[in-house]
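Please look over the sequence and the structure that follow.

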Amino acid sequence: MTPDQKFARYVRLSLIGFVLVFIYYLMADIFLPVTPQARVYHPVVQISPQISGRVTSVLVSNNKPVKAGDILFHIDQGPYNLAYEQAKLALDDAKLQNKRLDTNVKALEAQISAAKAKQHEQRLLKNRGEKLYKQNSISEQELESIRANYQASKANVAAYEAQLSEAILARGESGDKNLAMRHAANQLAQAELNLSYTQVRALSDGIVANLQLLDGAYAVAGKPLLAIVAKKADLVADFREKSLLHMKRGSLAKVVFDSRPGEVYDATLEAFEAGVSNGQLSANGLLSTTEISNRWVRDAQRQRIHLKLVNNQNLIENMPSGARATVQLLPESTIGQWFGAAQIRFISWLHYIY
């Protein structure tokens, strides 16, 4: 065989190999989809104080585990102790004011009793005066004076009764239902709550990450000061939409982690993500924006799926958030599962190299 014949033979074999690989790639992309775009994500809880103040002591260390309820850092209690004591004084003042109002009510009730007695006396004098006037024993002027005194006594009773109504209204209900007492008790509860906020606690188990907080820093209410990476983990993978054509919830999968080369783990497809950020519309008052692309064939859209390891779910809980992985989805056919397992096994060996 001449050199030209050998070269032609190598070219034919290369073309045949390229065509076979290309066909395999097309078939595998539909029936044996695989993606290196997979990560382990942990929920991250940003810790923000609910009050403002100077940080007096930080009680946690970076990359150290914490439990829900553990104190992370303290905020200066001085101003909040004063506010708490002031609220207690306000409550005591409300109690004292209610006692004053109770005394005023009793005094007005006594004055009303005296005024009614005086009114009764003036009524008797008026009745007697009218009889004497009919008998021409007193003058008309004297009768008018008696009647005026009676009307004055009636007005005096009415004035005291109005003052009593106003005093009762100012006093309000008695006991815990009293409005002034409720206001003061509410202020005291708020002051006590703010005082408890000077101890900033963890609300969930996790690990403190990227701790930069130091004693003396000023904490602003609502501004995050540190982060806690939760133990809960989620394994997600991004596939082209076409690659998920024959997949459904419960489909089998194989997973390889970059941090554990050569190890293949069984998984199942738990859920499909409801959408991606590119498909999110918001009412912003702007006109629609069209997609612009200079490519003849645009980039394929990827869809996110969530997976769960079959027997090693605790493995990803101990991995750092953002750990990379490669996911191989398997078809229902036995032959397809064999090819998929061989393909992901080959990828796992490659992780020893890159």
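A residue is called buried when its relative accessible area is under 20%, exposed when this area is over 50%, and partly exposed in between, as found with a 1.4 Å probe on protein chains only. The model is a predicted one, in which local features need pLDDT of at least 70 and side-chain atom pairs count only at pLDDT 80 or more, while totals for chains, interfaces and linings use all residues. Residues are numbered from 1 along each chain as its sequence is written, and side-chain values use heavy atoms, with hydrogens and water left out.

The salt bridges come next. The term denotes a side-chain nitrogen of Lys or Arg within 4 Å of a carboxyl oxygen of Asp or Glu. In the whole structure, a search finds 6 salt bridges. Three of these are described here.

One of them joins Lys118 to Glu121, with 3.9 Å from N to O. Helices (H or I, at least four residues) and strands (E, at least two) are DSSP runs, numbered from the N terminus. Both residues belong to helix 2 (residues 78-134); because they are 3 residues apart there, about one helical turn separates them. Lys118 is partly exposed, at 44% relative accessibility, and Glu121 is also partly exposed, at 40%.

A salt bridge also forms between Arg304 and Asp238, whose closest N and O atoms are 2.8 Å apart. This pair links distant parts of the chain, since Arg304 lies in strand 13 (residues 302-309) and Asp238 in strand 10 (residues 234-240), 66 residues apart. Arg304 has a relative accessibility of 28% and therefore counts as partly exposed. Asp238, at 18%, counts as buried.

Glu332 and Lys248 form another salt bridge, at 3.2 Å from N to O. Glu332 is in the loop between strand 14 (324-329) and helix 6 (334-350), and Lys248 is in the loop between strand 10 and strand 11 (252-257), so the contact ties together parts 84 residues apart in sequence. With 66% relative accessibility, Glu332 counts as exposed, whereas Lys248, at 48%, is partly exposed.

The strands also build a sheet. Two strands pair if DSSP finds at least two bridges between them. An open sheet contains 4 strands in the order 2-9-7-4, and their pairing is antiparallel. Which strands form its edges? They are strand 2 (44-47) and strand 4 (65-66), each of which pairs on one side only. Strand 4 is joined by 2 bridges to strand 7 (residues 206-209), and the two run antiparallel. Val66 stands opposite Gly206 in strand 7.
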